[in-house]
Every structure is written in structure tokens, then in C-alpha cells.
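Keep the viewer open as you read.

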There are 2 protein chains.
Amino acid sequence: MADARRGASRRQFLFGGAVAAAGVAAGFTADRAIVEYTEANAPAHGLSTVPFHGVHQAGIATDAQANATLIAFDLHDDTDREALGRMMRILSDDAARLTQGQPALADTEPELALEPARLTVTFGFGPRLVERAGGTTPGWLRPLPAFAIDKLEARYSDGDLLIQVASDDATSMAHAVRMFVKDARGFGTLRWQQRGFRHAHGTRKPGVTMRNLFGQVDGTTNATPETDDFNELVWIRDGWLAGGTSFVLRRIAMDLETWDLVGRKEREDSVGRTLDTGAPQTGGGEFDEPDFDELQPSGHPVIARHAHMRRARSDDPRERFFRRAYNYDEAPVGEASSNSGLLFIALQADVDRQFLPIQERLAELDILNIWTTPTGSAVFAIPPGCAEGGFIGETLLG
Amino acid sequence: MADARRGASRRQFLFGGAVAAAGVAAGFTADRAIVEYTEANAPAHGLSTVPFHGVHQAGIATDAQANATLIAFDLHDDTDREALGRMMRILSDDAARLTQGQPALADTEPELALEPARLTVTFGFGPRLVERAGGTTPGWLRPLPAFAIDKLEARYSDGDLLIQVASDDATSMAHAVRMFVKDARGFGTLRWQQRGFRHAHGTRKPGVTMRNLFGQVDGTTNATPETDDFNELVWIRDGWLAGGTSFVLRRIAMDLETWDLVGRKEREDSVGRTLDTGAPQTGGGEFDEPDFDELQPSGHPVIARHAHMRRARSDDPRERFFRRAYNYDEAPVGEASSNSGLLFIALQADVDRQFLPIQERLAELDILNIWTTPTGSAVFAIPPGCAEGGFIGETLLG
């Protein structure tokens, strides 16, 4: 909670003695400031930063920000290994600046860089980039196999370079996106951009699971940075990707029209959870274990055989991943009355071992498939982080 | 600051006696709670509400929220006066609920309604709706005259019914948008949706002027609700629109590519303000008056003749309006590397008297026209607010 501490010391400075006195009177320890909360003295969250340098890249274990833009580039034919090194040095250098609230090196709008609001920038490599660099391509770094449920569009799929830009402030994010597009376009062609959102920072208590636009609590069963086996599930241990991970994007269109025809009970049955709290239909709270064996008086299981939760669950504890999804909601096209869905992002050490078995089970039978359609799909290798002076991708390109 | 008070009493409840004791010790009055600020006990801004009922509609004088969606409908041919009354009753009823954090009447995702985060809903009527209702059409309620700078597209222009949905939380906004689209589509066809953003709530100190994606401080010279003559400038006094206003939307594409070719000094000259603080080039702070007569040693005026600020300024104090703009930044189309701009929204009692003279001067000569292109344009009449039990538009349709 570096953010909170930073906010506190700024306020201590602003309110001086009176605040300290109140703190003592109430018996709080000296390093915890007490202030009267008003809109006017609320800490300006725009100044909050997430470190760029580290063992892992930021934007993975980072508490998801309110806004994200995913950008993919196709490399120019003449972008060789040496050029890739230059590209990643430039991108890393600007990411190190922008995430810390400093303008990019050739920033044309430096004032838009001053309020990062937890801006993170995360880079990923597609199979062609790794091949071009002469690196070892992990077996899982390839397009996912085709699923019968897919209706994939090139404008939402694949790519050689991924840049994930996320911030609690959309203005700060838009500026950073512009800087990275300008940095990268000498080396490649913009392939696609996709934008998503979650609940705004400060809207909800921290740690509350997000809801998607079907109204469902979305992401309860998730390896989170607080989970014991998070490191094991997410971070790769060997080779140039040690300290990195894999990134699977599935753009999932959610048909609000046909979903509207489904009653509340059927909606709950489709997932196996209640809509109000997200608790399993077999009782308890959101994070309690479901009882898949519990039967209704009729003899049918309480949690249906086709329920998403049952189908997504594996007996193998290694078949889990970390999800970090964003909703999207865009202007409808043509006769449609909505254009909504999910940028489903799965992070895991090994796509084939952790993600694919679950995806295959869900593609085969998951009643949610009736109302959802994957329209985009991409897989990237996320290199490890770097220390100050280094650059993202140096274990491949350095 | 009803929001802050509400937050305070929630926290008083949560922290009980210890908080009260601290308040007394520090000499604060009893109705102002003191709490230790941490991320965990920060008030959940999602619960903040803006009243729906009142003399004026919300969403005009309301401090602009972080996100806005503008929706326009074309009325069905058979939507007559009686149907319009039904439509506005339904829309008003759902707006009254959703803005207060309650589900819409036939809410299919009631859980998405519970955190409005200052949700406001504002309705506007185009010329055809007023005609259909048999009301008096104000002279200014018509498409703006064509300007040589315009490259208007139908998919961003005109319409019979406007719904402006704004919230500090994009999820809450998306849900409300869906509810209103479903409410209205029995009476009309969705014509367009446009989305925009400003700095996130809590990112900056309140009252700081926003920046646009050119990096400019945008909207310094603005009639604000704190301005003495705000009421006179914005609210209409007579007829069925008494307590209402007029709403001009100009969708302005901003060409970041050509703007990049402009140096910092030339960027400042184009507006007449410095980029760092937004102060006039003749000195002082952001809100100080410019000296349009001040000359450089060369004899040229310090604030150029073509500068936006000079061209926008009128000697007639009645030629002013209230602006409430939103940035937009969408996925680039085709070969473009950006798709950015401004949803410029001007609010005034009389479009012809207050907005048009300025718009005409700027269309004739404003150096910003080099880098900006109006691609959408629409004018709506914003009816007054309503009391509990009433509905928006009742002075026209009741």
C-alpha cells in the first residue's frame, strides 16, 4: 500500500500540527496520519505510481486499473534482431518514464504525463518476434487451436508485439498509448487496439470481485497475488522467459439481447452461482467451496452439469490460471442495440498445461456459450521485468 | 458536498466511538468526522449520488463525471404525442431509480445499478420531437448552419431524442445506457452513441481545468456554476423550456499527426496560452485576464491575431456559454495511427445569441482549425427538471 502511505504523508505536510495532535489524542501510532476527510483534501490519486523496474513486469500482479488499452503491432519485414533490441530499449525507456509520472523522451504533450494514476505498461512478444530474435520459442507460443465456438476476426486477433497500457485515468492512458504507438511504428504496423474498463478506482472497497456486463460476479475462482501458489502458477522459471509469463487474450462478445430472454434462476443455473453475492448455489459466501455432489429433491445436481463453474473446474490443481479481465462496451454497429463483452485475459506459466484443458472443456460444453462468442484470440510471451538501466526483452535480445 | 457528508456518516457508523473521540480532541465540530485515511477505509465513491429531481435536470451544472455516453434516437413514424408522453414517463422513472443506486423498473441486471458513482441522466429533444409534440419550437432548435470547416457525418449528427448518461464509473454507465436503449427503442431507432472521458474522479484536486488530448488546458474561460451570471447564461426563463437550456454537440476530430509537427511555441501561439499552466501569454495565472493589446518588441501582438483565445472572446458579455466537454480516444481505423478528439458540448439559454456568433468567428479564422475537424453536430432542447412524481418533458407533453 505504497499509495496510501504517500497520500498520508502529503496530507501530514498539508495539515501540519493539528493533524498530528488529533493522531496522538486518538492513540494512533505516529506513522499513521489522521485527517478529516473531505472531497477537497482527498489525495490526488493521479500522482499514484506503480514501480516499473523489478523481477516481473508491472501490470500482471498489479491490482487491475480502471482502464486498459491493448495494442498489437505486426513487425515490418526489415525489423531484424538488432532493430528489435533498439525498439525494446526505446519502449522500455519511455515506459520507465511515463509510469513514474515523467514525460516520454520525445514527449509532445509532457503535461499529460504528470498524473499517471497507477499507469503500467506491459510488453508481450508473439511467435514471429521471438523467431526473428533467434530465441527459443516455447511450445505454447502459437495461436490457440480453433474451437467450434469461435468466430474470430483478424482485427481482434494475433500480432507480433503486444503493449498493454493500463491506468486508473483514461486521459493518462490515452497519452501513453499515443507515445508507444509513435515509438513502435518505425518497427511495425499497428494491427489492432482494444479498450476495456473495470470499476473505477475508489468506487468499491479494494478486493471486491468485478462484475461483467451480464451482471455476474466475474473472476471469483482466481489465482490472485495473495494466493499461495500464485508464483508457481503464473511465473515461468527457466530460460529467457524466467520471471515472465504467458498472456492469452480472448475477446468475448456477450449478446445482451439473447441474455435478456433468460430468467434470473436460469442465469444463476448457467454459472452455478447466485447473482446477488456470487456464492455457489450450494450455499455459503462468494469464496466458499461449491458442493458439486449436492442433489435437489428431484435427484438433479444443485449445480447443473452444464454450469460454467463446474465445467471450468479441474481436479488437477495445476490446471488454474490468473485472470485479469476487462469489460468493453462500444457503440453498436448497424441494427444492433449493444456491442458489449469481455477482454478475457488469462496469465499462466504454461498455456498448454494450464489454460488449454479448461478452454477445451468449456468449448465442448458450457451453457454460457449460447450467449457468448469469441471474436478475437491472441497469445503472447511476457518477458520478465528489468532493473534500472536494463530493458524489457533483454534476456532475449540483449 | 452531499457526497462527502454521506461518506462521513458511513464512516462514523463504521468507526463508532473512537472516531467521535478523535473529533472532539482535535476540536472539530461534531458533524465532521475524523478518520484515519487508508485505502481500505476510503469511502466507496460508487455509492455517491446526484439528486435526479429538481428545478433543472442533473448533468448540466453537475461537476462533470469521468465518463459520458451520448445516445440519440430517431423517432418511429407512429410515435405520436401520446406515445412521447409514455416514453418520457418511462425514461424519467428509470432515471430517477438508476441515479439513486436503485435498479430500473424492469432491470435485468439489478446488481449493476447499486453503485451509481454520481450517475446522471439528462434528456434532450430535437426539433422533430418538439414538432411531433405540438410544442413551440425555439428559433435556435435546428441544425447549426453549415460551416466551411465541417466534414459532418450522419452517424455523429442530429437526432430526435438525446440521452446523456454520465458517471464516474464506466460499468455503472454501461448498465444505465443499456436500460435506456431498451426503454426507448419501442419509440425510436438508435441513431448514434458517442463515448467520452475526462480525468477520473479523485485523480486531481476538484476544480482543476481538464486537459484535452492536444495537451492543452481546455475550458479555462467558462461560465461555471460558481460564476455570477451562470443562471442567466444557461437557463431559459420562459415557456415550456423555463428552467431548461440548449445543448450543442460538436464532435471535433483532433489530428494528432499534424499537431505533432507543431513546435511548443507555435502550439502556445495557436491558443494564446502557455501549455504548462494555461496562463495567458501576457502573463499571470490560468484565470488572469489576457492583455490583448500588449505588443512584442517587433510590434506584433503577444497574443496572435489568429489565436483561438482572441477569436473566441467577445466584447459582448452575453456572448458566452457553459462548456462541458469530453475527450474521446478510439481504436484507429485503416492506416490511421490515432482516432482522438473532443465531444465539445456547449450549454446556453439561446444558441443563436450566445453560441453562434462565437462559432462563426472561429469557423472564419481560428488557427486551431488546421488541426481540428468537426465531424458531428447536433442541437437539442434540454427541458427543465421535474419534481418527484413528475417526468422530464411534462411542460411540453403533460
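**Starting from a glutamine**

In this predicted model, the side chain of Gln354(A) reaches the backbone nitrogen of Asp350(A) at 2.9 Å. That's a polar contact, meaning a pair of N or O atoms within 3.5 Å; within protein, one must be able to donate a hydrogen and the other to accept it, and residues adjacent in sequence count only if both atoms are side-chain atoms. A polar atom of the Gln354(A) side chain also lies 2.9 Å from the backbone oxygen of Leu233(A). Gln354(A) sits in helix H9 (residues 351-364) of chain A; helices here are DSSP runs of H or I with at least four residues, strands are runs of E with at least two, and both are numbered from the N terminus.

Is Gln354(A) buried or exposed? It counts as buried because its relative accessibility is 0%; the cut-offs are under 20% relative accessible area for buried, over 50% for exposed and partly exposed in between, with a 1.4 Å probe and protein chains only. Leaving out residues up to four places away in sequence, Gln354(A) touches Leu233(A), Arg318(A), Glu319(A), Arg320(A), Phe321(A), Gln348(A) and Ala349(A), where contact means heavy atoms within 4.5 Å.

A quick word on bookkeeping. Residues are numbered from 1 along each chain as its sequence is written, while chains are lettered from A and ligands numbered from 1 in the order in which they are written. Because this is a predicted model, local features need pLDDT of at least 70, side-chain atom pairs count only at pLDDT 80 or more, and totals for chains, interfaces and linings use all residues; side-chain values use heavy atoms, with hydrogens and water left out.

Now try Asn212(A), in the loop between strand S5 (188-197) and helix H5 (230-234) of chain A. Asn212(A) counts as buried because its relative accessibility is 3%. Its side chain joins that of Gln216(A) through a polar contact of 2.9 Å. Neighbours within four places in sequence aside, Asn212(A) is in contact with Asp218(A), Met254(A), Asn327(A), Leu342(A) and, over in the other chain named here, Leu112(B).

Zoom out to chain A as a whole: there are 10 helices and 10 strands, and buried residues make up 59% of its 398 residues. Of its contacts with a separation of 6 or more, 77% come from residues 24 or more positions apart.

Hop over to chain B and find strand S3 (residues 120-125). Six of its six residues are buried, so S3(B) is largely enclosed by the rest of the structure. Thr120(B), Thr122(B) and Gly124(B) point one way, with Val121(B), Phe123(B) and Phe125(B) pointing the other. Six bridges tie S3(B) to the antiparallel strand S4 (residues 161-167) of chain B, and Val121(B) stands opposite Val165(B) in S4(B).

Last stop: helix H7 (residues 264-271) of chain B, whose buried residues are Arg267(B), Glu268(B), Asp269(B), Ser270(B) and Val271(B). Their cover includes helix H6 (256-259) and helix H8 (308-312) of chain B. Just after H7(B), Gly272(B) takes a positive phi of about 95°.

Terms used. Pairing = 2+ DSSP bridges.
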